[in-house]
Amino acid sequence: TSLTDGAVALYTYSLRSKLAAQLRSWLRQVIEDHLTPFWQEGQTEENVAQQIARLKAELDIRLPIKLVVEEMRCSPRVDCSVGSSKRRNFVEHMVNLSASMCYFLDFAAGEKLCEALSKKLDGTHTYTMLFARLLVLTTPLPCVPQLVLGGQLWTWWSAMPEGLVPKFDLMWFALLARYAEMRWGCAVTDALAASGSAGRDADCHKAS
């Protein structure tokens, strides 16, 4: 259900932040208890797997991302009814919720999300930083090897001139760290196979 109705918020900033925090806490518990890490062998019980599948179908990561973008575009000079601290707190909760939701995305959904967010990297300082951060936080693990192999990671990295914004350059190392984690866990082969690049592990390692 949308948290907004036109331009009128259905819930206060504080309540929406609490709802996001509680949902994120529950999702983290589900991840910890029922999502088997890629480096561990084991099968999820059938009834649990079915419930996870239903949960994946219900979660829509686009909603919290949309709310973050809308909040960034809302000028405090136009809407002065809410203090900046509540706005920042709300955005932080939405971003954290998005980062937890990405664990429930498969390769196809993750690919669509990355494609949509990457189109927003237009070189404009504020918004490029925002969408770059969202890309780093919400890119699912299964998508990372293909991003390295296909060169998309390096394209995103070059959206701003090197050294112009140190934070921008540093944030992309998080995706490289995830790729290294997947190599350590011997998960690159399966991830590439799921993305249609089976047998290209060596090319992917060179590209990294």
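**Exposure, salt bridges and helix packing**

Colleague: Glu-70 counts as partly exposed, at 37% relative accessibility. What does partly exposed mean?

Modeller: Buried stands for a relative accessible area under 20%, exposed for over 50%, and partly exposed for the range in between, with a 1.4 Å probe and protein chains only. Lys-66 is also partly exposed, because its relative accessibility is 47%. For the chain as a whole, buried residues make up 39% of the 208 residues.

Colleague: What should I know about the model before going on?

Modeller: This is a predicted model, in which local features need pLDDT of at least 70 and side-chain atom pairs count only at pLDDT 80 or more, while totals for chains, interfaces and linings use all residues. Residues are numbered from 1 along each chain as its sequence is written, and side-chain values use heavy atoms, with hydrogens and water left out.

Colleague: How many helices and strands does the chain have?

Modeller: Helices (H or I, at least four residues) and strands (E, at least two) are DSSP runs, numbered from the N terminus. The chain has twelve helices and two strands. Read from the N terminus, the order is β-β-α-α-α-α-α-α-α-α-α-α-α-α.

Colleague: What counts as a salt bridge, and how many are there?

Modeller: The rule asks for a side-chain nitrogen of Lys or Arg within 4 Å of a carboxyl oxygen of Asp or Glu. It gives five salt bridges here. One of them joins Lys-66 and Glu-70, at 4.0 Å from N to O. Both residues lie in helix 3 (residues 62-73), four residues apart, about one turn of the helix.

Colleague: Which residue pairs with Glu-71?

Modeller: Arg-87 does, in a salt bridge of 2.4 Å, N to O. This pair links distant parts of the chain, with Glu-71 in helix 3 and Arg-87 in helix 4 (residues 84-101), 16 residues apart. Glu-71 and Arg-87 are both buried. Another salt bridge runs from Arg-62 to Asp-60, with the closest N and O atoms 2.9 Å apart. Arg-62 is exposed, because its relative accessible area is 61%, whereas Asp-60 is partly exposed at 31%.

Colleague: How is the packing of two helices described?

Modeller: Two packed helices are described by the angle between their axes and by the distance between those axes. Axes are lines fitted to C-alpha atoms, for helices over the stretch in contact, and angles run from 0 to 180 degrees between N-to-C directions. Helix 1 (residues 13-34) and helix 2 (residues 46-58) pack at about 145°, with their axes 12 Å apart. Helix 1 passes helix 2 in a left-handed crossing; left-handed means that the near helix is turned anticlockwise from the far one by less than a right angle, and right-handed means clockwise.

Colleague: Which residues make that contact?

Modeller: Helix 1 supplies Trp-26, Leu-27, Val-30 and His-34, and helix 2 supplies Val-48, Ile-52 and Leu-55. They divide into six nonpolar, one polar and no charged. In this scheme Ala, Val, Leu, Ile, Met, Phe, Trp, Tyr, Cys and Pro are nonpolar, Asp, Glu, Lys and Arg are charged, and the others, Gly among them, are polar. Contact means heavy atoms within 4.5 Å.

Colleague: What does Thr-139 touch?

Modeller: Leaving aside neighbours within four places in sequence, Thr-139 is in contact with Cys-114, Leu-134, Val-144, Leu-147, Trp-156, Leu-175 and Arg-178. Thr-139 sits in the loop between helix 6 (125-138) and helix 7 (144-150). It is buried, because its relative accessible area is 2%. Its side chain reaches the backbone oxygen of Leu-135 at 2.5 Å. That is a polar contact: a pair of N or O atoms within 3.5 Å, where within protein one must be able to donate a hydrogen and the other to accept it, and residues adjacent in sequence count only if both atoms are side-chain atoms.

Colleague: Where is Ser-195?

Modeller: Ser-195 is in the loop between helix 11 and helix 12 (201-207). A polar atom of its side chain lies 2.9 Å from the backbone oxygen of Leu-192.

Colleague: What is the phi of Cys-186?

Modeller: Most residues other than glycine have a negative phi. Cys-186 has a positive one, near 55°. Cys-186 is found in the loop between helix 10 (173-184) and helix 11 (188-194), and it is exposed at 65% relative accessibility.
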